[in-house]
Structure formats: C-alpha cells, structure tokens
Amino acid sequence: MNFAVIGHPISHSLSPVMHHANFRSLGLDYSYLALDIHPNHFHHIRDIMTAKEMDGFNVTIPFKTAIMDYLDEVDADALKMGAVNTVKITGDKWTGYNTDASGFIESLPLHDYRHVLLIGAGGASRAIAQGFAARGAEVTVANRSPERLDDWPFDVNKITLQDIERYADRTDLLVNTTPVGMTGFKDEVLYDFSSVHPDAVVADIIYTPSKTPFLALADSLGLTTINGLGMFVNQGAQSFKIWTGLEADRAAMTECVKNHL
Ligand code: ATR
C-alpha cells in the first residue's frame, strides 16, 4: 500500500521515518512519502494522488481546511473542527478524518477533563477544543487577538491572555497550542498561570524542544507535564488504523521519532 503526507513546506516532516518504523516493525512492505505540493497546484490534488496510486494520506499545513473541498465524505467530528489531517482512499471515494485531537487526548494521563483551558485559537486549538467539547468538557480559549475568536464555530468561553491568571485555578487541563517555545521561535510566555490547580495537567503540542519554557515553568510549579510527542505518534498511529484496520507499533514509532530529534 502507498501512503504520504502532503504539505508546504514538508521537507522537515518526521512522518515518513515514523511510519516506516511502524511498517518495518509489522513486517509490511508499504511506502510513505512526503509530498511538497505548491498551493498553486493544490487543485490537481486528486489527479496527483491517483497517479501515485495512493491508498491514503496525511494532510498538514497549509492544507488541512482546503482539502475538505476535494472529499466525498467527511467524518462528523472533522467537519465540526473544520480541519482534516487524514484521508482514506477506497477506489474513487475519498473520506476525511481528523486524528489530531483524538491523538492528543490519547496522549494525556487521564482522558476525562472537565475544565480545559486552551492557549491559542488556530487550527490545532479548534480541533482540540472540539475534541473536548464532544466529550462534554467545558472549554475556554485564551487568545492574543480577541477578534480571532469572533467566528469560532461552536460554543466555548473566550478570554484574553491576561485573563488566564484568573481562570487558571478552575482548570484541570491547560494546553499551549501556539508556536511560542518552539525551536527557532523567538517570542516568550507572557502570561501567568501559577494559580493553576495543583492537580492540573499542563500540556504543550510542541515536541521540539521536548521541554518548552511553558512546560519548564509548569514543572517548577510541581505540575504534571506532557509534551507533543505522544500526540504526534498517536495521530499517525490512528491514521494507520483508519487506512489498514491494523494497530500500529506505537513504541517503535516513538523510539524512531526520539532518535531523529
Ligand atoms: P495552528 O493552525 O498550528 O494552530 P495558527 O492558525 O497559525 O496555527 O495559529 C497560531 C496561534 O498561535 C494563534 O492563536 C496565534 O494568536 P493570534 O490569533 O493572536 O495571532 C497564536 N500565537 C502566535 N504567536 C503568538 C505569540 N507570540 N504570543 C501569543 N500567541 C501567539
């Protein structure tokens, strides 16, 4: 079977090596490519994937929303998130899914959080917010630019970064979904979450570095911290299951990604 990840740029993606580690471990002679698609050529996506005889693919920045126009069917959760990261191809039929939020939730020590506070309001935040809202949690989204929250497609509490200090004490899960703290990104954490409940879990979707300044701060407060590595592995493992019906070897995938960081 043939798989790929499409994006632009895509050369730094660890998805191909991670998926190959899984194929190797399971003894499968499958392929997984990184395909850099220029946005000007994106409207040819169905022809490109048909010519390459793809059975499924992952979608990353900047195409997670744009791909939805090319699908025959979209899973209900992915539709609400407004983003697809996994496409399954069966004959001529393309079906879209989103494994980012479920992959993230699977990476947490508990899967049942009641008050979730997300920092950032981009695509990743929207997917995770929908994932928790669908599980009955109360979701609050804090963003630098309040206007970004104006057209949010489902019900969440909307606050500013300055409000985090007041909201933190009623939060059992605090998540950074912004690029702040990522290797090569200059901006710093400019809000205070030290009043967060001592039993709260603090998570970052970033995995390079493995400990962002945000997580280091949470560590210094004695809180449980989780980085984005588990989310990355789990979203890939869940995509693999959608395509093949098989359970991936998550340990082999995790080991491989750690070795390439
Ligand atoms: P993604 O799709 O990966 O979530 P995105 O759509 O570019 O990425 O969204 C990035 C998020 O990070 C946004 O919420 C952005 O805030 P703004 O809406 O105010 O731009 C947030 N963000 C980016 N840089 C930031 C910074 N230096 N401080 C705080 N928030 C930041």
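This is a predicted model: local features need pLDDT of at least 70, side-chain atom pairs count only at pLDDT 80 or more; totals for chains, interfaces and linings use all residues.

Q: Where is the place of Ser11 in the chain?

A: Ser11 sits in the loop between strand 1 (2-7) and helix 1 (15-26). Setting aside neighbours within four places in sequence, Ser11 is in contact with Ala34 and Asp36. Trp152, by comparison, is 141 residues away from Ser11 in sequence and 31 Å away in space, C-alpha to C-alpha.

Q: What about Glu53, what is its phi?

A: Glu53 has a positive phi of about 55°, although it is not a glycine. The residue lies in the loop between helix 2 (45-51) and strand 3 (56-59).

Q: Buried or exposed, that Glu53?

A: Glu53 counts as exposed, because it has 10 C-beta neighbours inside 10 Å and the cut-off for exposed is 12 or fewer.

Q: Changing topic: how is the protein divided in the domain assignment?

A: The assignment gives domain 1 (2-99 + 230-260) and domain 2 (108-227). Their C-alpha centres lie 26 Å apart.

Q: And how many residues of domain 1 are in contact with domain 2?

A: 10 residues of domain 1 are in contact with 10 residues of domain 2. On the domain 1 side, the elements giving two or more residues are helix 3 (76-81) and helix 8 (229-244). By class, that side of domain 1 has four nonpolar, three polar and three charged residues.

Q: What about the largest nonpolar core, which residues have the most contacts inside it?

A: The largest nonpolar core has 71 residues, and those with the most contacts inside it are Phe57, Val84, Leu118, Ile128, Leu173, Leu174 and Met253. Helix 8 gives the most to this core, with six residues. At least three residues come from each of domain 1 and domain 2. As a general background, nonpolar side chains in soluble globular proteins tend to be buried together.

Q: Which residues is Met253 in contact with?

A: Leaving aside neighbours within four places in sequence, Met253 is in contact with Met18, Ala21, Asn22, Val233, Gly236, Ala237 and Ala248.

Q: Now the ligand, which residues come nearest?

A: Of the 15 residues around the ligand, the nearest are Gly122, Gly123, Arg144, Thr178 and Asp187. Helix 5 (residues 123-134) contributes the largest share of this shell, three residues.

Q: How do the shell residues divide into nonpolar, polar and charged?

A: The shell around the ligand has four nonpolar, eight polar and three charged residues.

Q: Finally, what feature does UniProt place at residues 113-178?

A: The UniProt record, an unreviewed entry, places "domain: Quinate/shikimate 5-dehydrogenase/glutamyl-tRNA reductase" there. Over residues 113-178 the chain is 24% helix and 29% strand, and the end C-alpha atoms are 21 Å apart.

Methods
Residues are numbered from 1 along each chain as its sequence is written. A residue is near a molecule or strand if its C-beta atom, placed from the backbone, lies within 6 Å of it. Helices (H or I, at least four residues) and strands (E, at least two) are DSSP runs, numbered from the N terminus. Ala, Val, Leu, Ile, Met, Phe, Trp, Tyr, Cys and Pro count as nonpolar, Asp, Glu, Lys and Arg as charged, and the others, Gly among them, as polar. Domain bounds come from an automatic or database domain assignment. Two residues are in contact if their C-beta atoms, placed from the backbone, lie within 7 Å. UniProt positions are given in the numbering used here, feature names are shortened, and annotations may be inferred rather than shown by experiment. A nonpolar core is a set of buried Ala, Val, Leu, Ile, Met, Phe, Trp, Tyr and Cys residues joined through C-beta atoms within 7 Å. A residue is buried if 20 or more other C-beta atoms lie within 10 Å of its own, exposed if 12 or fewer, and partly exposed in between; C-beta atoms are placed from the backbone.
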